[in-house]
Structures are given as C-alpha cells and as structure tokens.
Amino acid sequence: MFSLDRDARISNAIGDCLLGLSHLYALIYIIRRERKKRCLSRRNTKYILMYWLVCIYLGTLLSFQLIGAYFHLFSPNPAEASMIWLIYLGAGCVSAMFYGAALSLDIFNSKIAVFCWLSFGFIYSFFFAPMSLDLARYISFLPQKFSLKLPGHFAHQYLQNMIWMPSALVFNQLNNLSLDQKNYLPPIILEFDGRGYAATPFHSVFDPKYADTFDLVAAFPCWRTDSLPFLMLCVGVIANTIHLFICIATRNRHPRARANITAHLLMFLALIFMPVAMFFGGVPLGIDLMHTCAAPGMFLQAQSCFTALTEHFDSTLDSTDYPKIEQRHSSTTEISQKNHHLLTEKDTMFFSTGLRRRPHTSESHVLAADDLNAAYSVCNDSKYVTVLASSNGASSTAVRCH
C-alpha cells in the first residue's frame, strides 16, 4: 500500500505537499487567532458562519492536496474509484464549494447563496461521484472522441522532434515516412479517444495498441463523474468562472474584489494550460505547471478569506455592550470616537465596589472605581483613560489606564 510505484510522479507529490503546508499554516493561524480573540463567544451569526466556512474550506483543500500527494507516489494511475479516491474527489469539490459560499457571504451577505453552494458540493460528493456515471452515454452532444488535424508542413516544421510523433505517424499509417526527408507530408490527425494518458507511455500516446488503456487521472475526453478530468472541468472551471463573475460584478464597491479577480485569473491559467503542457511534456509537466500557476492564486484566495474574517471580527466589537468612549486625562476632558481602545473578553473585569488594580497587566491597567475622579487619581501617570463598562443604576465604573 505504501510502496513507491514505478510510475510515481515525485515532482507532482512535492508540489501538492508544498501547497498543503501553506494551507495548513493558514488554518492553524486562523484557529489560534480565534482561540486568542474568542470571537465565537460574541454570538455574531455572520462571523461564526464565515469562520466555519473558511476553516472547512482550508481543511478540505488541505486534505485534497495531501491525498493527491499519496496518489502521485503510491497509486499514480488508478483505473477504478476506490473509497480513498472518492474521498479525494469529494474533498476537492467541497473545498471549491465552501470557498464559493464564503465569497458569497462576504460580498452579498446571502445565506441562500451559501446554501446553494454547499448543496451542490454535497450532492456531487455523496451522489454523483460514487455512482461513476459516464454522462456521454446519456447526453448525446458530449464528445467521446476529439480529433485535431495538423497541416503536414506545420508538423514538419514545428513538431518533428516531439517524443510522441512516431506514434502519431503510426496512427495515420505514415510510419514509413520521415519528416525530415519528405518534401510533402499529408495532414496528420491527432485523435484523443478517451484513453488514460497518465497510464499510457508518453512516446506512445497516439499508438492504437494503447487505445483501451484507461485511468481516472488524465483520460481525455472523459465524462465519468468519478474522474479527475470531470472534477477539473465541470467543477473547477465552472465554479471558478462563477467566482470570477461575482468579483467582476462587485469590483467597484467591494474592497477585496480586485484581489479575488487576480486569484481567479491565475486559477484559470492553471486549469487551461495544464492540458497544453501535457501535450508537450506529458502528464507530470502539466500537473507541475498547474501547481505553479495555482499557488499564487490559492494564496490570494486564502488571504482574502483571512481579510474577510478579520473584518467580520471587527464588526463583532460593535455589537458588544461596551461603549466606545475614550476620555483624555487632561485639564479639559476630550471625548474622541476615532481611536478607541477596547479590551478583549478575557481582559475585561467587572468590579462591584472599591478600587483594584489587575496584577498581570503590564502595559495597561484595568481599574474599577466608585466614580471616574477616583480612577483619574490613580491613573495620574497615564495619558488615556478608557471607560470599559458602567453599570446602570450602580456606583461602579470599570476603566482602563494606558
């Protein structure tokens, strides 16, 4: 089970691991930040929903990349959908859907859109993928073969050194011709017949004797719902297109839309140029190029999620019961609402009577006094005094000295 396969794609596994480590760092950072700030206890519904959407997005994307690294090393050309393969596809689909849900909640504040994104992700993961449906059998306009006709002079000038050219000549029954010796070469037809190009040797990708070779990694064209090409095309490209249109439509009124547009364009480059790179350098080169293009796009997506989460955390402060009033300790009391200082929940103390100083605070001191003048007398060396809480009908006032 854990013996390195002879066709292992080590560079692809390294790329998946590096992307996984970056998302693991982002996930740990967000969880540690929440444990420090304790925003979930403030019962802000939008923040709680955004927090869990972002965490599950990062977690499922991390799982997708780590399981992908496992397949690159130990089972690079699976032909049947095992349980771990279905988990792999489900993690990839669910991560895209949770990102779309977080994006919709951030931009539109729409819980209906969140429900639609998540519903599609779970329907695919638990219904379509396990059924292993070949949609080309039920939808007539989906092509089962794809042919590319190349002019003879073009092949002679630009493609004669391609590793797969001898197999293309065999397919076109031109194997007795030599590209560098003939002045005229008939057109060459390159036929993609749905075979698995990851399991087919690159130098024989058009050889008819490999026509029945199949794998779930790089079969083309392939409309099986449990294949990676179907996930990339029908989930990755379509979901990324919807994400991009959302950001373009809101780029003038939403602060994160422009950065998201850049992220989605990079993801488009990764998904579109992957088959082009496979055509010239094989499946490993295509996946490596996809990882290279997707890395900055995924970084911008994760950064956008973190920025949105930070913004919604700040909005939870507005819903607390603490007044945002800062009083300058001077001869004339000045009230400013631009730069206010609030303690987090773990630093807030309520006192019923008397005047006490919190022992473990070093840079600032939390005090409680029967009146504000008593607090001023103790904080005579401090520049600012912030009112934290004042009980209605009581004589106690909680303040902070800076």
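This is a predicted model: local features need pLDDT of at least 70, side-chain atom pairs count only at pLDDT 80 or more; totals for chains, interfaces and linings use all residues.
Biologist: Why is Ile 10 called partly exposed?

Modeller: Its relative accessible area is 46%.

Biologist: Why are α2 and α3 described as roughly antiparallel?

Modeller: The axes of α2 (residues 45-74) and α3 (residues 83-108) cross at roughly 150° and come within 8 Å. Angles over 145 degrees count as roughly antiparallel, and the two helices are therefore given that description. The crossing of α2 past α3 is left-handed.

Biologist: What makes the contact of Asp 106 with Arg 256 a salt bridge?

Modeller: The closest N and O atoms of Asp 106 and Arg 256 are 2.5 Å apart, and the cut-off is within 4 Å. Asp 106 is in helix α3 and Arg 256 in the loop between α7 and α8, so this pair links parts 150 residues apart in sequence. Both residues are buried. The whole structure has five salt bridges.

Biologist: How do you know that Arg 195 and Asp 193 are buried?

Modeller: Buried means under 20% relative accessible area. Arg 195 has 2% and Asp 193 has 18%, so each is classed as buried. Their side chains form a salt bridge at 3.0 Å, N to O.

How values were computed. Residues are numbered from 1 along each chain as its sequence is written. Side-chain values use heavy atoms; hydrogens and water are left out. Buried means under 20% relative accessible area, exposed over 50%, partly exposed in between (1.4 Å probe, protein chains only). Axes are lines fitted to C-alpha atoms, for helices over the stretch in contact, and angles run from 0 to 180 degrees between N-to-C directions. Helices (H or I, at least four residues) and strands (E, at least two) are DSSP runs, numbered from the N terminus. Angles under 35 degrees count as roughly parallel, over 145 as roughly antiparallel, 65 to 115 as roughly perpendicular and the rest as oblique. A crossing is left-handed if the near helix is turned anticlockwise from the far one by less than a right angle, and right-handed if clockwise.
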